[in-house]
Amino acid sequence: MFFYLSKKIAIPNNVKLKCVSWNKDQGFIACGGEDGLLKVLKLETQTDDTKLRGLAAPSSLSMNQNLEGHSGSVQVVIWNEQYQKLTTSDQNGLIIVWMLYKGSWYEEMINNRNKSVVRSMSWNADGQKICIVYEDGAVIVGSVDGNRIWGKDLKGIQLCHVAWSADSKILLFGMANGEIHIYDNQGNFIMKMKLNCLVNVTGAISIAGIHWYHGTEGYVEPDCPCLAICFDNGRCQIMRHETDPNPVLIDTGMYVVGIQWNHIGSVLAVAGSQKVVMQDKDVNTVQFYTPFGEHLGTLKVPGKQMSGLSWEGGGLKIALAVDSFIYFANIRPNYKWGYCSNTVVYAYTRPDRPEYCVVFWDTKNNEKYVKYVKSLISITTCGDFCILATKADENHPQFVLVLCNSIGTPLDPKYIDIGKEMLIFILSPIGFYLIYHVDDTPIGSVDGVLDYSKAIQGTRDPICAITASDKILIVGRESGTIQRYSLPNVGLIQKYSLNCRAYQLSLNCNSSRLAVIDISGILTFFDLDARVTDSTGQQVIGELLNLERKDVWDMKWAKDNPDLFAMMEKTRMYVFRNLDPEEPIQTSGYICNFENLEIKSVLLDEILKNPEHPNKDYLINFEIRSLRDSRALIEKVGIEDASQFIEDNPHPRLWHLLAEAALQKLDLYTAEQAFVRCKDYQGIKFVKRLSNLQSDSMKQAEVVAYFGRFEEAERMYLDMDRRDLAIGLRLKLGDWFRVLQLLKTGSGDADDSLLEQAHNAIGDYFADRQKWLNAVQYYVQGRNQARLAECYFMLEDYEGLENLASSLPENHKLLPEIAQMFVKVGMCEQAVTAYLKCNQPKAAVDTCVHLNQWNKAVELAKNHSMKEIGSLLARYASHLLEKNKILDAIELYRKANYFFDAAKLMFKIADEEAKKRTKPLRVKKLYVLSALLIEQYHEQMKNAQRGKVKGKSSEATSALAGLLEEEVLSTTSRFTDNAWRGAEAYHFFILAQRQLYEGYVDTALKTALHLRDYEDIIPAVEIYSLLALCACASRAFGTCSKAFIKLESLDTLSTEQKQQYEDLALEIFTKHTPKDNRKSELDSLLEGGEGKLPTCVATGSPITEYQFWMCSVCKHCVLAQEISNYNFCPLCHSSVA
């Protein structure tokens, strides 16, 4: 961080100043002095030149107003930025609040207590309240509109300072005896503050200043010290909060008159005077510190007595009240920033986040990438990379070095344990690092392990600066010693001694010279390899060069010339060649890069005013004098004279400039010579090609194209009737839209393939931007089937994709890709067609399996004689069964036409459900499904046999053969022979109950009598209970008696249940004789046996007529007169029609 005095404003009549305050938002400066002096000034810069922005811009007083109202010496001036008010008080205790109206300041409110003098005033963070303290101990807190909120008299106390906390909950009162008391915002005493900085201090002391930074712009670190308290004896403490037990302690060694934080709380300025050794007088001094007590620098100010200081709102200037003058000093902050491959990397704090916001601003594309980094220490850049140095944790002395690329992507973080005396050096972007102690003398060996024990060793001479090139590493120490190490094997080669403490070191491009900027801003140069004789007559290596510049805050060597460098001195940039300066350029930018006789500079001050929206205007390029002169000579004098000047001042950039100028004038000889001198092989080849052309107009067109004026070059080609060259030019540029336009203006055989290429290239252009619909039009014209398929897929135009597949010839290489596209969206049929067309039946079958189309998979496998489908199916089915997904397995078998296996599983489910005593209708449905699967199996076997039997055999023969084969295959006859038994059992069971409840008791009895054949399916107790009930209702007590006998003889019933049946039978048959009244009608049903009549599944009655209806699916019968009431078969629910 550097500081230098930049301006001085004199107060008329030599009136001595007492105080100064700078409005942070609007930029007004208020200063108060003796005899009621109160002035409001405003410095404004007026320039349209981008290069002269910031500190470099000339400033003038846009306001210089005397405010009349005070008669005594004005002692306190403070601003309320939020409400644009100025509050002032004088030695008589008069307080005036001033307001801005139409560009001038006027009195708004006046208050005079007439008892005591105001010692201090402070507005809170939001500008709503003001606290005023009087010398006699009176405290008044008022609102912004002038109302008194509360007042208090602190008896027996002399007050001199007041400060609000950031949250406006705490007030600090500074006493005349040096004590500080902590009060709440209602004026209630809390405690005395412990002042660690006054330990071992004797004698009378007074408070020089209390400043509490309110965090309005964020903090440089989480939990950063922000409350600064300083005493006139130079002792200072910086606290995190009002009760901080471990404050940062500083002894400034000066007599202090005032302190103030800058706008972001990163720098504390302490103003006062210091005794000079060997002199009697005191020197006015401003010391600058970080919140952690690190000394940043010292600014000496002329004059007798300094009385106050105030920072500017952006922290780039500081105003100092000295005698009857206001001095302004410019501040060059230590921004955390860097520049790598057209990217400016900079960090700033935000009030809403505890971390640093690091912005990677790509200046070429004007894009920015943001990352948040906790406890950022430093940013350094080299080539295309950037390293962020951060603290890992507050409690652990571990540091992290994060290597990033130019868009902020972390490439390689390294965690290291170091102390301040350690030297860390990253050897390669993703390589290893070495650790040496600065007091060691390494010999250059890289063997061995990292010795972390050195991290805790101290040194009396710490490192203060460091720099490196590809060959050497330079380390500067606080004593002025410079140590030179070799790279990559770190060996100590040489030690040099300087008479200053280095702040910044920089090596030139061939590592022969070292630039040193010391802590007071003096730039010197050291020749590392020069051999000179010292005062004792001994020969030593290294010589301090005879050049010294003051107030230097930045410098950069040229990357391509060891004798060229640029430096910033105050607000001027100087370029030196061989230690001779060129005329300066006014700017306040930080130097990014110096290459090709051009300096790239960035106005970081301007960028950080609005860091979220960096402007390209803040990046400035400066050409050095030799480049400007060469350009002027070429334009105004001629190529020959310019050539001679460049010969005297050679540089590849200048030769390139000459070559381009010679090309413009078709001076091919000079152009070739210049290209040779700047080693531009492409340029040499271009000149050779030009010399082979006959026509000057053709040469001119080629030169125009070389300089990138393509529209003009194309026009020239077309004027020469060389459409082919115009097309060639556009082809090189990849401007396919223009190529297409040019192709359509003419005709030729060679144009067809080029036209196709152009269409495809434009299709690619649209496809890259995901404009698939536009791309399709061009791919169709370019006959690019592969990209067309991709576009159809992206557009979800599957019809177009299907048409494309059908238009392709068989075995086309694109067919498998199209098939795969269909598979991705589950379109099985189209995928199979595509696979079969390219002769990949295996892939087709795999697709069917993948999409669960097993019937199609089995059909394809049979058609193409594939054996593995059966095993695959079985494996998948067993997998489903393991997971207890039986219905999924049935569906799988059914789709694959394995009806018998499906039926077996279905019967199993039906049986299980029957055992669970589930609803009878559900069980019937399951048995019907099982039987239907068996019917499908019968049909499949017949069809299979029909296909096998050839020749003249009749249909009956083939069907018979199918049944015989089926008999051999099916070992379990229950499924095939009696497939419908389960369905019949539950059908009659449900029918009988329905008839009974509807009151058709005779019909219900007939139906119930059929259930006796199904004891293997329905439990006998349910069958005979129902039969007994129906018989009783029908008054067929003979049948009822038989049912009771059967129930009483069942083994499955307990003795208790049997007894209950016996009791019920006794009750019934004591009242009714166990005889059937209509015996003749029930005879046939009761006898049963062979030759039994078919049963009507609609009514449960036996069919005695010759005319009846039979279901084509389940082969069950219904009475002819009944079927007219049904649309579906009562048993299997297949359509009657």
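1. W361 stands opposite K368 in strand β32. Strands here are DSSP E runs of at least two residues, and helices are H or I runs of at least four, numbered from the N terminus. Strand β31 (residues 356-362) and β32 pair in the antiparallel sense over 7 bridges; pairing requires at least two DSSP bridges between two strands.

2. This is a predicted model, in which local features need pLDDT of at least 70 and side-chain atom pairs count only at pLDDT 80 or more, while totals for chains, interfaces and linings use all residues. Residues are numbered from 1 along each chain as its sequence is written, and side-chain values use heavy atoms, with hydrogens and water left out.

3. The β31-β32 pair belongs to an open antiparallel sheet of 4 strands, ordered β29-β30-β31-β32. Its edge strands, β29 (337-340) and β32 (367-373), each pair on one side only.

4. Another open sheet of 4 strands, also with antiparallel pairing, runs β1-β28-β27-β26. The bridge partner of S310 is A319 in β27.

5. The largest nonpolar core has 75 residues. Such a core is a set of buried Ala, Val, Leu, Ile, Met, Phe, Trp, Tyr and Cys residues joined through side-chain atoms within 4.5 Å, where buried means under 20% relative accessible area (1.4 Å probe, protein chains only). Among the members touching the most others are Y927, W980 and F1044. Helix α21 (residues 899-915) supplies the largest share of this core, 10 residues.

6. A second, separate core of 67 residues includes A558, L564, I646 and L658.

How values were computed
Buried means under 20% relative accessible area, exposed over 50%, partly exposed in between (1.4 Å probe, protein chains only).
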